[in-house]
Amino acid sequence: MNEQDLWRLMRRVRDGKMSRRAFAHRMAAFGITAPMATQILAFAGVSPASAQSVPAYKPTRAGGGGHLKILYWQASTLLNPHFAVGTTNQDASRVFYEPLAGWAADGTLVPILAAEIPSIENKGLAEDGRSVTWKLKRNVKWHDGQQFSADDVIFNYEYAKNPQIAGTTSGSYREVNVVKLDDFTVRVEFERPTPFWADAFVGAVGMMIPKHLFKDYAGANAREAPANLRPVGTGAYRFASFAPGDMLRGERNPNYHLENRPFFDSMEIKGGGDAVSAARAVLQTGDYDYAWNLQVEDQTLQRLEAAGRGKVNIVEGGSVEFIQLNATDPHREVDGERSHISTQHPAFRDPAVRQAMALLVDRQSIQNFIYGRTGPATPNFLNAPPRFRSPNMKMEFSVERANQILDQAGWARGSDGIRQKDGVRLKFLYQTSINAPRQRTQQIVQQAARRAGIEIELKSVVASVFFSSDVANPDTYGKFYADMQMYTTTMPQADPQRFMNQYTSWEVSQKANSWQGRNIVRWRSDEYDRAYREAEGELDPVKRAALFIRMNDLIVGSNHIIPIVQRPLVSASLNNLRPVLSGWDTTMWLLRDWYRET
Amino acid sequence: MTQYVIRRLLIAVPSLLGISVILFTVLALAPGDPFEELATNPAIPPEVRLQLRASLGLDDPIHIRYFAWLTAMLRGEWGYSFVSRIDVDRLILQRLPITLIIIGSSQVVALLIALPVGVLAATRPYSLFDKIANTLAFVGFSLPTFFTGLLFILFFSIYLDWLPFVYRTQIDATGWRWFWEHVKQSIMPVLVLGLFQGAAWTRFVRSAVLDVIRLDYVTTARSKGLPERTVITRHVVRNALIPVVTLVALQMPVVFGGAIVTEQIFRVPGIGSLLISAILSNDTPVIMAVTFVFACLVVFFNLLADVIYGWLDPRISYR
């Protein structure tokens with residue numbers, strides 16, 4: 001099918017001569033997934049049926065739902081979304097504060113404070129990709145009765161990008177300009193054509209705080225604002241009480257801007273404890289309605305689920321557990337720095353060794369015996385949303401083939417059974433953070449490698465050290481002073497642009513940037529850099545998706561990284577609770593739609 | 001006496017300073033970073049983390065940070081939590097009442113068990129009662145609280161479904177129902193701690209009473225024809241309790257410090273759980289404040305124990 005055929009089909013859908021479903025079927029025949037087909041239609045001016053992204057809301061009046069009890073094993077500590085470190089605080093803030101739009105589970109946008117999602121046909125998106133115009137809902141009031149308007153949006157933009165405030169949201173606002181068009185319209189302007197425009201004011205970084213309460217605290221005194229601990233937002237629940245590190249309570253906002261919402265009269269988020277007992281409190285005793293982020297072995301979850309009171313929710317996101325094979329030499333020091341970018345790894349510079357390593361990771365067994373439903377095996381680094389998933393990568397586990405490849409490449413077994421070539425022995429240091437499933441994965445890889453004449457020494461580091469930015473500590477993942485390492489990287493948005501910068505050459509983690517660069521494996525490729533630069537400015541969603549798929553294939557195909565399992569979000573809820581969850585936004589992103597079936 | 005107390009207080013100042021230096025250095029040398037979660041999140045530019053570190057003074061050399069902390073402490077400012085972004089004293093004050101109630105009542109339970117059982121066991125040594133009490137006491141203090149806690153949860157919450165195992169500070173009820181709900185959720189943590197402490201103290205009371213009961217003056221009292229009850233309460237227990245009082249006074253800082261593991265298991269938002277979450281998130285000012293308060297309490301109650309000891313036993317003089 002060429003481009004003209006595609007356009008003809010799209011016009012037929014637009015004119016109502018062809019159903020969306022038939023279109024999706026035609027596309028599927030050409031290997032294009034349904035979400036991608038939807039995206040193509042959106043580009044042609046056919047708006048996606050947004051009702052499909054969010055399940056139907058049944059209650060016919062607001063309130064009357066009683067008390068909603070949510071359990072987090074990690075307690076929230078602050079309620080200013082611009083200070084939020086970590087998801088617990090973002091979730092807690094999201095109960096009261098709302099962004100202009102949120103991300104649904106399928107990676108599409110749902111308007112919250114915006115009247116509509118900007119698109120080309122409603123003139124919200126500029127054709128040149130250099131600005132996006134948001135129209136705000138007019139009937140939104142802050143919990144204290146003040147009107148929500150464009151001034152609040154502008155204020156949030158200025159607040160977030162102010163370096164004195166050091167907001168965790170600043171990354172989304174520093175490179176854009178926001179102007180007020182009228183009281184209920186704002187325009188976000190970009191320096192360059194920007195295909196991923198839904199960053200500022202959207203999702204976890206987009207929560208709106210009220211100008212009238214924060215304007216006197218928009219500088220170095222930001223932390224003194226009383227509203228930091230007593231939020232006044234626009235959300236479906238308004239603030240009742242908060243004890244940092246323990247409990248957050250909200251009550252129904254009677255003036256919420258959407259009818260029949262919310263269902264519950266009051267809600268609470270209790271924090272603390274551990275994940276297993278949180279799962280128990282929902283699945284086994286039914287004391288709580290919902291338990292967040294259950295990093296619990298699947299076998300345990302299945303046993304608890306057998307009580308029949310609740311169920312486990314598994315929501316796909318972009319997080320992926322993967323192994324990195326160092327491209328640089330961690331054992332040689334150059335300018336006071338190991339794993340220096342000017343060096344090459346003595347063994348991993350041979351593609352045969354990397355390929356053998358990839359063949360020695362038994363992903364299927366890791367899924368079956370360690371992660372279960374909470375970690376489906378994957379051959380790809382970029383897994384979601386589905387339109388960005390590459391069909392080209394394969395996962396294979398074969399010790400024989402690994403042996404064969406190494407034999408062919410001239411890595412011969414020594415007297416101790418360890419392969420070597422030109423004085424380089426295949427003996428690797430494999431590090432990760434302390435976490436039971438990770439140690440078990442390490443062992444599975446170690447055993448398979450031994451059968452192929454590769455010796456792997458295992459090392460595990462306390463998570464708080466491994467993931468720290470401590471420049472003085474040699475054991476951080478950013479320094480990567482080991483041959484191999486393994487961890488999970490998270491994907492905070494439904495767009496892979498920021499996620500995929502992990503392999504660009506300018507992001508290499510090194511001493512010069514205090515090991516803050518995101519390219520930790522230190523792999524570099526001109527082709528990858530070019531594809532990334534192109535994707536940054538590519539406005540055609542289909543071509544752009546193809547570029548990201550190409551990037552995935554480049555890095556995964558190099559075998560410098562070996563994806564293992566996806567890490568979806570796992571939570572538990574009572575059987576009669578209808579939570580609306582998404583892997584692309586905070587847990588509370590659509591709390592207004594949660595209800596209990598009777 | 002007054003002189004003695006003043007002298008002891010003056011000696012306490014350098015030891016507290018020493019403690020604070022050690023705490024501060026250890027915390028500064030310990031690995032980890034309060035903003036570690038920012039590091040793994042690709043949406044947050046690294047500059048933000050560096051800015052935050054700078055604004056909270058994390059990049060200053062350690063001695064400058066120490067003196068900044070010390071002068072602030074002398075002015076009564078306890079520091080500012082990196083994680084909650086509020087003053088540490090507010091955090092601690094929020095947690096204190098719950099800790100005092102839960103841990104305080106567990107100590108009361110422990111005393112209520114230890115005193116009668118210990119005294120009774122000592123007056124009839126090697127009787128059946130003594131043997132049973134001894135066995136139970138050994139069982140009690142050899143089972144760690146995290147184990148009994150889980151056992152209680154499995155039995156009372158999950159198997160019998162009688163008691164809730166998630167402690168909630170705010171309960172939507174008034175009057176008796178409110179009180180009853182609070183009692184219900186406190187039973188397990190209080191008993192877990194109380195039984196553990198009580199078991200240890202029972203052994204201690206028993207041996208203290210046994211030491212005294214063999215002395216000649218007790219025999220004298222008995223031969224005077226005093227009823228056994230009077231001999232025990234007036235002559236034996238009063239003297240035997242002197243070391244027990246010291247022990248209990250030295251335990252008091254623990255009451256304020258909370259019981260880390262138990263609070264974590266039952267989700268009791270006390271000082272102990274504040275400390276553990278602060279440690280896990282590298283929230284240095286909170287760790288520093290809680291441990292320092294703890295150190296002050298230990299010093300203070302040590303002094304108090306010495307003073308009480310002298311008051312109970314006039315043979316001891318202060319020089």
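I began with helix α12 (residues 436-451) of chain A, which lies across β16 (427-433), β17, β18 (484-489) and β19 of chain A and runs at about 170° to β17(A). I note that the model is predicted.

Next I traced the sheet itself. Five strands of chain A form an open sheet in the order β17-β16-β18-β12-β19, with mixed pairing. I looked up which strands stand at the edges: they are β17 (455-461) and β19 (561-566) of chain A, and each has a single partner strand, so one side of each lacks a neighbour in the sheet. From one strand to the next I recorded an average twist of 25°.

I then followed the pairing of β19(A). Strand β12 (residues 320-325) of chain A is joined to β19(A) by five bridges, and the two run antiparallel. Within β19(A), A:Val565 stands opposite A:Glu321.

Is A:Gln485 buried or exposed? I counted 24 other C-beta atoms within 10 Å of A:Gln485; the cut-off for burial is 20 or more, so A:Gln485 is buried. Leaving aside neighbours within four places in sequence, I listed the contacts of A:Gln485 as A:Gln324, A:Gln431, A:Thr432, A:Tyr477 and A:Phe480. I also checked A:Asn326, 159 residues away from A:Gln485 along the chain; the C-alpha atoms of the two are separated by 8.1 Å.

My next entry concerns helix α15 (residues 541-557) of chain A. At 1.5 Å a residue, its 17 residues should span 24 Å, and I found the end C-alpha atoms 23 Å apart, which agrees. The buried residues of α15(A) are A:Arg544, A:Ala545, A:Leu547, A:Phe548, A:Ile549, A:Met551, A:Asn552, A:Ile555 and A:Val556. I recalled that an α-helix has 3.6 residues a turn, so residues three or four places apart point the same way. Just after α15(A), I noted a positive phi of about 60° at A:Asn559.

Last, I examined a helix pair in chain B. The axes of helix α5 (residues 88-123) and helix α12 (residues 271-280) of chain B come within 8 Å and cross at roughly 135°. On the α5(B) side I listed B:Leu91, B:Ile92, B:Arg95, B:Leu96 and B:Thr99, which meet B:Ile271, B:Gly272 and B:Leu274 of α12(B). By class, I recorded five nonpolar, two polar and one charged residues in this contact.

Terms used: Residues numbered from 1 in each chain as written. Chains lettered and ligands numbered in written order. Predicted model: local features only at pLDDT ≥ 70, side-chain atom pairs only at ≥ 80, totals over all residues. Axes fitted to C-alpha atoms, helices over the stretch in contact; angles between N-to-C directions. Helix = DSSP H or I, 4+ residues; strand = E, 2+ residues; numbered from the N terminus. Contact = placed C-beta atoms within 7 Å. Nonpolar A, V, L, I, M, F, W, Y, C, P; charged D, E, K, R; others polar. Expected span 1.5 Å × (residues − 1). Buried ≥ 20, exposed ≤ 12 C-beta atoms within 10 Å, placed from the backbone. Pairing = 2+ DSSP bridges.
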